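I opened the model to look up salt bridges, the chain contact and some helix packing. My entries follow.

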Amino acid sequence: MLRAGEAASTRSLLRVALATIAVALAAMAAAVIALGLGSMQVSAVDVVRALVSDAGNAIETVVVQWRLPRVLLGLVFGLALGLSGAIFQSLTRNPLGSPDVIGFDTGAYTGAVMSIIAVGGTALVIPSALGGGIATALAVYLLAYRRGVHGFRLIVVGIAVTALLGSVNTYLLLKAELWTAQMAAIWGAGSLNGLDWGDARNGLAVIGVLLVPLLWLGRRLRMLELGDDAAAALGVRVEPVRLALVVVGVALSAVVTALAGPITFVALVAPQLARRITRAPGVQLLPSAAMGAFLLVTCDAFALNVPPQALPVGLVTIILGGAYLVWLLVAQSRKEMR
Amino acid sequence: MTTETARAAVEAGVPDRRRRRLLGLAAAAAALVVLVLLSLALGSKPLPLGEVVTALVRDNGEAHTIVVDQRIPRTVLAVVVGIALAVAGALMQGLTRNPLADPGLLGVSAGAALGMVTVVRFAPAASDLAQVWAAFGGAVLTACAVFLIGSMGGRGRSPVTLVLAGVALGAVLQGIASTVVILNAGVFLTMRSWQAGSVEGLGWSTVATIAPFVGAGLVLAAYAARGLNAVALGEDLATALGGSRALTRVAVIGAVTLLCGSATAAIGVVWFLGMMVPHVARWITGPDQRWILAYSCLLGPSLLVAADVVGRVVVIPDEIPAGVVTAVIGAPVLIAMVRRRKASGL
């Protein structure tokens, strides 16, 4: 009996590993294609050649100097959002408990808009976005807290706070100069436009640092899913671990929001799609990360190349992700009906 | 037993209920009158009430100009939009039997807004009336989608599911609208003042454009009220009573489209008003939809006029749009509602 269980768990582990590798490869392929797209089309072979060798020609300038930082950030930001979503969805035990749904992004936007209007430039956007986002997430969590945080209460409180901050944002934009307001609105849509190697280095470094504690926390997150008592019985110190997970999850999402603006719904959708592919119970960190990277790179390539004029990628993710959420809810309702 | 005799039996048991409801209605009307007078008197240049009344009957210089040309039109608009949103909210709550239903939360306003944005972007020369029709187009599609999602699901379905679906739908529609707006500075300029839910600087032409549609919406709402009472008894009983549920549903969707589309076309998306007002109404009157609608017609405009007045006086000479004020009031109300209980009770 025990052996049969072990075999099943090995099979499911294998499946998770294979799915993760497949999604990661798809993300790489999407990245290579994205590097080739633009006003100067470059074939996939030439892209790879430019990446590995030091040819010093025009193709290398375009691919490595101009396009690579954006695509790299697309991959890494997607990875960070996927992880952040997976952590929150696992902690709240609810697919909708992701940072974008509970008001983190809108709060970050409010912080950023305030600083853009007050300071008159983008100098303080990053710290104010972080401050606004973290304060909002904290407020939503506390407002929803009543003998524990019930999933749906958290979400409705998040919706209420998001609506409130959304109209405050509208008001702030209304009072600002047109040029400032439009700049803030574009930042608020979430875009990888104009990110260069400097941003890429910062983003990669911070996210890289944040991944280190996850190596240690990942296994404990899985144990927390069994329930606090069971996790404690397995030797997990529940409260400190949970706090550490929240901090890492918020930070991962915050870095992305600070550098690129609020890119919504990737954190929500990636863990869900990953779960469907791996068919594993619970939330999986690695597949979610790979899926997030794939989604963001694909959406960004789409936003940049398909419409007549480049769009902020956040608009593409909000449209696709929102549609997916509607579908998810409808599918859930239909299942209940049967 | 028909609904009529059932109701008669219930009302005989509570003889003074009807009187209490009528008294409450009179009180609500009085409150609205007071708020309207305040709205005429207060602003960046406050006027004494005596002067306001004089200005209404004859030309007494500056006061006359301020009251008649600026404050009366915006107050009338706030009243019309307040009625429209409150009644739309009451109808949506009645049909979905969901206490959290609100034209803003469920995305119907976002649908109307997308219709407007599309017209402003692609046909800048279109008349105000064409914009209103475009808003109807967006609103009717969203309303149908929301009610379709709302009619799915088993008995144990949480009211939150519908809200989530509405919010997601609204996010999609708003994403599309933002896409249109962000790519075009001219549209951005037009839409950003409209999006905030402000009646500032709007006049008779806006009122005249939407008033007929709001009127038609109210007629439909009055027709649908009885059917909604049957819906509230539960699907099985409603079928047994023989009321045409399909007809009720069509009337409600038509009314919500007209009311919410007009309101959104006039002043943009206003959050939570349509959710809060019917709750207060239900709290006073009990579950009869006809009374809820009647109260909503008075309480809705009261709330929006009050929000407009507050927005006008807190940051003189600047103004906070009424829609921002209602969101600031409404969000805590929603939070209190979900904290209080399991948010059922319809």
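I began with the salt bridge between D318(B) and K175(A), whose closest N and O atoms are 3.2 Å apart. I count a salt bridge when a side-chain nitrogen of Lys or Arg lies within 4 Å of a carboxyl oxygen of Asp or Glu. By that rule I find 1 salt bridge across the interface of chain A and chain B. Over all chains the count comes to 9 salt bridges.

A note on the source: this is a predicted model, where local features need pLDDT of at least 70, side-chain atom pairs count only at pLDDT 80 or more, and totals for chains, interfaces and linings use all residues. Residues are numbered from 1 along each chain as its sequence is written, chains are lettered from A and ligands numbered from 1 in the order in which they are written, and side-chain values use heavy atoms, with hydrogens and water left out.

Next, the interface. Chain A gives 48 residues to the contact and chain B gives 47; contact means heavy atoms within 4.5 Å. The buried area is about 4,000 Å², with 78% from carbon and sulfur atoms. Buried area here is the accessible area (1.4 Å probe) that two parts lose on being put together, summed over both. On the chain A side, V156(A), Y171(A) and L174(A) lose the most area to chain B, together 13% of what that side buries.

Then I turned to helix α10 of chain A, residues 238–260. Helices are DSSP runs (H or I, at least four residues), numbered from the N terminus. E239(A) and R242(A) form a salt bridge at 3.2 Å, N to O. They sit 3 residues apart in α10(A), so about one helical turn separates them.

Which way does α8(A) run against α10(A), roughly parallel or roughly antiparallel? The axes of α8(A) (residues 197–224) and α10(A) come within 9 Å and cross at roughly 155°. Axes are lines fitted to C-alpha atoms, for helices over the stretch in contact, with angles from 0 to 180 degrees between N-to-C directions. The pair is therefore roughly antiparallel, a label for angles over 145 degrees. The crossing is left-handed, meaning that the near helix is turned anticlockwise from the far one by less than a right angle; clockwise would be right-handed. Among the residues in contact are W216(A) and R220(A) of α8(A), and R242(A) and V248(A) of α10(A). By class I get 18 nonpolar, 1 polar and 3 charged residues. Nonpolar covers Ala, Val, Leu, Ile, Met, Phe, Trp, Tyr, Cys and Pro; charged covers Asp, Glu, Lys and Arg; the others, Gly among them, are polar.

Last, α5(A) (residues 125–144): its axis comes within 9 Å of the α10(A) axis, crossing at roughly 140°. The crossing is right-handed. The contact includes I126(A) and I134(A) of α5(A), and A254(A) and A258(A) of α10(A). I find 10 nonpolar residues there, no polar and no charged.

Conventions:
Helices (H or I, at least four residues) and strands (E, at least two) are DSSP runs, numbered from the N terminus. Angles under 35 degrees count as roughly parallel, over 145 as roughly antiparallel, 65 to 115 as roughly perpendicular and the rest as oblique.
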